[in-house]
Amino acid sequence: MRDHREGVTTTLHLPIAPESVTATTASWSHSSRTWSSSTWVGLFALAAVTVRLPFVAQPLGSDEGGFLLVASQWAPGTSLYGNYWVDRPPLLLEFFSLADHLGGTIALRLLGAGLVALSVVLAGRI
């Protein structure tokens, strides 16, 4: 607070914050209580990945094992899929081939968890 008398300027230091700081603090505390939609999407993506983590080292199911087998043997042969045939899109087998090259079961599950998180984020943008 300033005294604007002619030729005299004094400053009064108050022990409380000025209005601008109080308003900023109030808006900050309010915004910290209400999360944005991107924060919620991030939490849901994290939850989706966290739920999958206990199953990362579990044995493969028949579909996962079969796709990994076909993907690991995918090479030029008598058909698009090599000597094995499966009625699934080639991009799916490319995904399993990538997992096979990165280490197999655990890599497959971690890549799957990454795709789950990506799916949640993309769904959150809708």
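**Helix packing around α4 in a predicted model**

Trainee: At what angle do helix α4 and helix α5 pack, and how far apart are their axes?
Mentor: This is a predicted model, in which local features need pLDDT of at least 70, side-chain atom pairs count only at pLDDT 80 or more, and totals for chains, interfaces and linings use all residues. Residues are numbered from 1 along each chain as its sequence is written, and side-chain values use heavy atoms, with hydrogens and water left out. Axes are lines fitted to C-alpha atoms, for helices over the stretch in contact, and angles run from 0 to 180 degrees between N-to-C directions. For α4 (residues 90-102) and α5 (residues 105-124), the axes lie 8 Å apart and the angle is about 130°.

Trainee: Which class of orientation does the pair α4 and α5 fall into?
Mentor: Angles under 35 degrees count as roughly parallel, over 145 as roughly antiparallel, 65 to 115 as roughly perpendicular and the rest as oblique. The angle of α4 with α5 is about 130°. The two helices are therefore oblique.

Trainee: Which residues of α5 meet α4, and how do the residues in the contact divide by class?
Mentor: Contact means heavy atoms within 4.5 Å. From α4 come F95, F96, L98, A99 and L102, which meet A107, L108, L111, G112 and L115 of α5. Ala, Val, Leu, Ile, Met, Phe, Trp, Tyr, Cys and Pro count as nonpolar, Asp, Glu, Lys and Arg as charged, and the others, Gly among them, as polar. The contact has nine nonpolar, one polar and no charged residues.

Trainee: How is helix α3 oriented to α4?
Mentor: Helix α3 covers residues 62-72, and its axis is 8 Å from that of α4. The angle between α3 and α4 is about 85°. That makes the pair roughly perpendicular.

Trainee: How many charged residues are in the contact of α3 with α4?
Mentor: E64, F67, L68, V70, A71 and S72 of α3 meet L92, L93, F96, S97, A99 and D100 of α4. By class, that contact has eight nonpolar and two polar residues, and the charged ones number two.

Trainee: Is L108 buried or exposed?
Mentor: L108 is in helix α5 and touches L60, E64, L68, F95, F96 and A99, not counting residues up to four places away in sequence. Buried means under 20% relative accessible area, exposed over 50%, partly exposed in between (1.4 Å probe, protein chains only). With a relative accessible area of 5%, L108 is buried.

Key. Helix = DSSP H or I, 4+ residues; strand = E, 2+ residues; numbered from the N terminus.
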